[in-house]
Amino acid sequence: METRMFFVRHGDSHHKRDGVVGGPEGCRGLTDEGRGQAALLGRRLAADIGPRGTAGTGGTAGAEPAAGSADAGDRRGAGDREDKGDAERAGGVGAAIYTSPLPRAVETAAAISAAVGRPAVPDCGLCTWHTPPEADGLKREEFLERFGIEGGGLYRPFQRGNETWAEMVTRTSRTITELADRHRGESVVLVGHAETVEISFNALGLMPVYRPFDLTVSPASITEWSTSEDPAQWPPPRWTLRRFNVIPEGA
């Protein structure tokens, strides 16, 4: 039975536009553009996971959104393709939605939840950087100036009071693998941040903590991994990256 993991980056957010640290207090959620993107994500995922009753999602399948701007194709990820077999490929008999508890992710997950017909469950393991509370809401430049430390890297934080990249990789990877095991044979939507999507390459692709390449993860994009093996087996299962950084048309 196939297990499918859909990683979604939140839509366009106020914190990004304002250039501030978007923690629990500094994040003001999605912009109007971001809310529109979230609605498109919901419709796309409802169609991908399967029609009502066929994959146990409670969602409704629908046509692809109409094409948006002329450069929509240019904004698609390298793994984007029209896969008309997605509904037939729907993994398992259930679906679940989990979200970072930060407002921009919660709002994105709410739109997906409304389309798919399943509740969104907050999980802090899907959060972005756990920055210090006193930095929440600061302009990024001020945060880096006041909290930045020399010698930051994989195992030493880049800012005072922040977690290291290795710590975030471990935290998020554990959450991803736990959810894959909990929902083996099902479809799981994980709504988070650019870092959440990046770390899927560590958790499922077994990349080292320090990747030898960079990734660009767009707002309101979908990345999908799947496996037909036991998600909790040892040695670890082989996962297939089915698409990366796909932006629904019109977003």
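Me: Where is Leu206 found?
Reply: In this predicted model, Leu206 is found in the loop that runs between H6 and S5.

Me: What makes the phi of Leu206 worth a remark, given that Leu206 is not a glycine?
Reply: The phi of Leu206 is positive, at about 55°. Ala220 lies in the loop between H6 and S5 too, and Ala220 also has a positive phi, about 60°, without being a glycine.

Me: Why does Ala220 count as buried?
Reply: A residue is called buried when its relative accessible area is under 20%. Ala220 has 0% relative accessibility, so Ala220 counts as buried.

Me: How do you know that Val189 is buried?
Reply: The reasoning uses the cut-off of under 20%. The relative accessible area of Val189 is 1%, and therefore Val189 is buried. Val189 lies in strand S4, residues 187–192.

Me: Which residues touch Val189, not counting those up to four places away in sequence?
Reply: Val189 touches Phe6, Val8, Leu45, Ile49, Ala96, Ile97, Tyr98 and Ile112. As for Ala109, Val189 is 80 residues from it in sequence and 8.8 Å from it in space, C-alpha to C-alpha.

Me: What share of the contacts in the protein with a separation of 6 or more comes from residues 24 or more positions apart?
Reply: Residues 24 or more positions apart account for 72% of those contacts. Of the 251 residues of the protein, 53% count as buried. The accessible surface comes to about 11,300 Å², and carbon and sulfur atoms hold 53% of that surface.

Me: Why is H5 called roughly perpendicular to H6?
Reply: The axes of H5, residues 165–182, and H6, residues 194–203, cross at roughly 75° and come within 9 Å. Angles from 65 to 115 degrees count as roughly perpendicular, so H5 is roughly perpendicular to H6.

Me: Which residues of H5 and H6 meet?
Reply: From H5 they are Trp165, Met168, Val169, Thr172, Ser173, Ile176 and Thr177, and from H6 they are Glu195, Thr196, Glu198, Ile199, Ser200, Asn202 and Ala203. By kind, the residues of this contact are six nonpolar, six polar and two charged.

Me: What makes S5 mostly covered?
Reply: Six of the six residues of S5 are buried. Ile222, Glu224 and Ser226 point one way from the strand, Thr223, Trp225 and Thr227 point the other way, and all are buried.

Me: Why do side chains in a regular strand alternate like this?
Reply: In a regular strand, side chains alternate between the two faces of the sheet.

Me: In what sense do S1 and S5 pair, and over how many bridges?
Reply: Strand S1, residues 3–9, pairs with S5 in the antiparallel sense over six bridges. S5 and S6 pair in the antiparallel sense over four bridges, and Trp225 has Leu241 in S6 as its bridge partner.

Me: Where is the place of Pro235?
Reply: Pro235 is in the loop between strand S5 (222–227) and strand S6 (240–246). The peptide bond from Trp234 to Pro235 is cis, with omega near -5°.

Me: What pattern does the protein follow, read along the sequence?
Reply: The pattern is β-α-α-β-α-β-α-α-β-α-β-β, from six helices and six strands.

Conventions. Residues numbered from 1 in each chain as written. Predicted model: local features only at pLDDT ≥ 70, side-chain atom pairs only at ≥ 80, totals over all residues. Heavy atoms only, no water. Axes fitted to C-alpha atoms, helices over the stretch in contact; angles between N-to-C directions. Helix = DSSP H or I, 4+ residues; strand = E, 2+ residues; numbered from the N terminus. Parallel < 35°, antiparallel > 145°, perpendicular 65-115°, else oblique. Contact = heavy atoms within 4.5 Å. Nonpolar A, V, L, I, M, F, W, Y, C, P; charged D, E, K, R; others polar. Buried < 20%, exposed > 50% of the residue type's maximum accessible area, 1.4 Å probe, protein only. Areas by Shrake-Rupley, 256 points an atom, 1.4 Å probe, with all protein chains shown as cover. Pairing = 2+ DSSP bridges.
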